[in-house]
Amino acid sequence: MGDTTACPECGEAVDSVDQLEEGHSVPEIEVEDDGSISLFENTDLFLCTNCKNPLGMRR
Ligand SMILES: [Zn+2]
């Protein structure tokens, strides 16, 4: 499958997540309608190797 992603910031072509730099894990926080906060499990953020623009996350 030729699922190639291009960085929207610098246009760097990324063939797979293996080419991306793995950033630090970031917690996902969502505020519910009643004001409570849900904290999802941490996700691994992938960054463009060229400009460090976050391109996606991996569970
Ligand atoms: Zn980039």
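In which strand does Ser-38 lie?

A: Ser-38 lies in strand S4, which covers residues 37-47. Residues are numbered from 1 along each chain as its sequence is written. The model is predicted, so local features need pLDDT of at least 70 and side-chain atom pairs count only at pLDDT 80 or more, whereas totals for chains, interfaces and linings use all residues.

The surroundings of Ser-38 can be described first. Ser-38 is exposed because 9 other C-beta atoms lie within 10 Å of its own; a residue is called exposed at 12 or fewer such atoms, buried at 20 or more, and partly exposed in between, with C-beta atoms placed from the backbone. Beyond the residues up to four places away in sequence, Ser-38 touches Glu-30 and Glu-32. Contact here means that the C-beta atoms of two residues, placed from the backbone, lie within 7 Å. Glu-28 is 10 residues from Ser-38 along the chain, and their C-alpha atoms are separated by 8.3 Å.

Within the protein, confidence is lowest in S4, with a mean of 70, and highest in strand S1 (residues 5-6), at 81. The confidence score is pLDDT, which the predictor assigns to each residue on a range from 0 to 100. The protein averages 75, and 71% of the residues score at least 70.

The wider setting is as follows. The protein has five strands and zero helices, giving the pattern β-β-β-β-β along the sequence. Of the 59 residues, 7% count as buried. Among contacts with a separation of 6 or more, 38% join residues 24 or more positions apart.

Cys-48 counts as buried because it has 21 C-beta neighbours inside 10 Å. Its C-alpha atom is 9.3 Å from that of Ala-13, 35 residues away along the chain. Cys-48 is also one of the contacts of Cys-10, alongside Asn-50 and Cys-51, when neighbours within four places in sequence are left aside. The C-alpha atoms of Cys-10 and Cys-48 are separated by 8.9 Å, although the two residues are 38 positions apart. Cys-10 itself is placed in the loop between S1 and strand S2 (13-14). With 12 C-beta neighbours inside 10 Å, Cys-10 counts as exposed.

The loop between S4 and S5 also holds Lys-52. Lys-52 has a positive phi of about 65° although it is not a glycine. Most residues other than glycine have a negative phi. Lys-52 counts as partly exposed because it has 13 C-beta neighbours inside 10 Å.

The next strand, S5 (54-58), includes Pro-54. Pro-54 has 14 C-beta neighbours inside 10 Å and therefore counts as partly exposed. Setting aside residues up to four places away in sequence, Pro-54 touches Leu-45 and Leu-47.

Terms used. Helix = DSSP H or I, 4+ residues; strand = E, 2+ residues; numbered from the N terminus.
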